[in-house]
Amino acid sequence: MGAMSESVPVRCPACRRGHRYAAPSYPCVCGAPVSPPLDRQGTATAVTHPAWEEQWVTVRCSSCGRGAQWPHPELGCPCGTTLRIAVAGDTATAGATTSGATATEDIPAGETSAGPPAPAPLPVPSPRRAFQPVAIRTARDAVTATALYLRWLGYRDIRRADQRPPSGIGIAARGLLAQVDPTVRPASVRDVECLWLTAMTESSRGVYFSLAGYADDARARADGLLVPLFVLDPTGVPQPVNSPADELDASGA
């Protein structure tokens with residue numbers, strides 16, 4: 001995951017207790033670790049009514065220039081207050097371990113004055129880097145781990161799903177609808193069928209992520225509907241539990 005960023009002092013507005021906080025780093029698709037730059041002059045605020053849009057911050061990698069959304073830095077105070085840590089700027093440029101990268105322009109291949117340009121070589125897909133998870137301790141961690149995994153698979157524009165599932169949390173990407181179930185009960189056949197039906201109405205592929213696994217009939221139904229099923233282990237690594245999930249894990253988006 002890379003080194004932690006520099007810590008900043010944080011004071012709880014509810015109990016006035018002081019803390020030190022360092023934002024975790026996340027893996028950019030280029031492999032460089034990025035961290036939301038913290039505002040040393042900012043003031044932490046208490047989270048009273050969590051909103052999905054406020055739980056994410058856009059961080060731009062200083063190595064490759066890509067921008068991606070990552071969880072907004074938060075800290076739990078022992079008094080029970082959740083503190084939202086101030087971030088420097090609306091769209092942050094994160095400090096990566098590598099620097100000095102500059103933008104380059106694509107140069108047409110094979111152009112000469114002696115004749116027509118030679119055909120450009122076909123692009124060779126680069127192998128995916130190893131998945132770097134986040135440990136799961138809360139329901140929000142489960143959503144974060146799933147979003148990281150989907151981004152690693154190659155999905156973009158990850159956001160909260162328009163329709164709320166009967167259980168768990170729905171997140172969506174282009175062409176995909178995922179359900180994250182952080183409860184302690186195995187997912188039922190109804191859960192799988194509801195996800196499949198909702199995904200069908202949105203012309204998307206449904207994928208299920210569960211912390212507690214699946215009932216036997218749910219797994220059998222998912223196999224018939226070709227719904228990938230994953231179990232989230234405590235380390236944050238999604239484990240495929242059926243053939244569609246194996247195929248998705250191997251091939252990506």
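Student: Where does glutamine 179 sit in the chain's secondary structure?
Tutor: Glutamine 179 lies in strand 13, residues 176-181, a strand being a DSSP run of E of at least two residues, and a helix a run of H or I of at least four, both numbered from the N terminus. This is a predicted model, in which local features need pLDDT of at least 70 and side-chain atom pairs count only at pLDDT 80 or more, while totals for chains, interfaces and linings use all residues. Residues are numbered from 1 along each chain as its sequence is written, and side-chain values use heavy atoms, with hydrogens and water left out.

Student: Why is glutamine 179 called buried?
Tutor: Its relative accessible area is 2%, and buried means under 20%, exposed over 50%, and partly exposed in between, with a 1.4 Å probe and protein chains only; glutamine 179 is therefore buried.

Student: What makes a polar contact between the side chains of glutamine 179 and tyrosine 208?
Tutor: The distance is 3.2 Å, and a polar contact is a pair of N or O atoms within 3.5 Å, where within protein one must be able to donate a hydrogen and the other to accept it, and residues adjacent in sequence count only if both atoms are side-chain atoms.

Student: Which residues of helix 4 are buried, and why are they said to line one face?
Tutor: In helix 4, residues 243-251, they are Pro244, Ala245 and Leu248. Seen down the helix axis, these buried residues fall within an arc of 100°, so they line one face, the arc being that of the directions from the axis to the C-beta atoms. On the other side of helix 4, Glu247, Ala250 and Ser251 are exposed.
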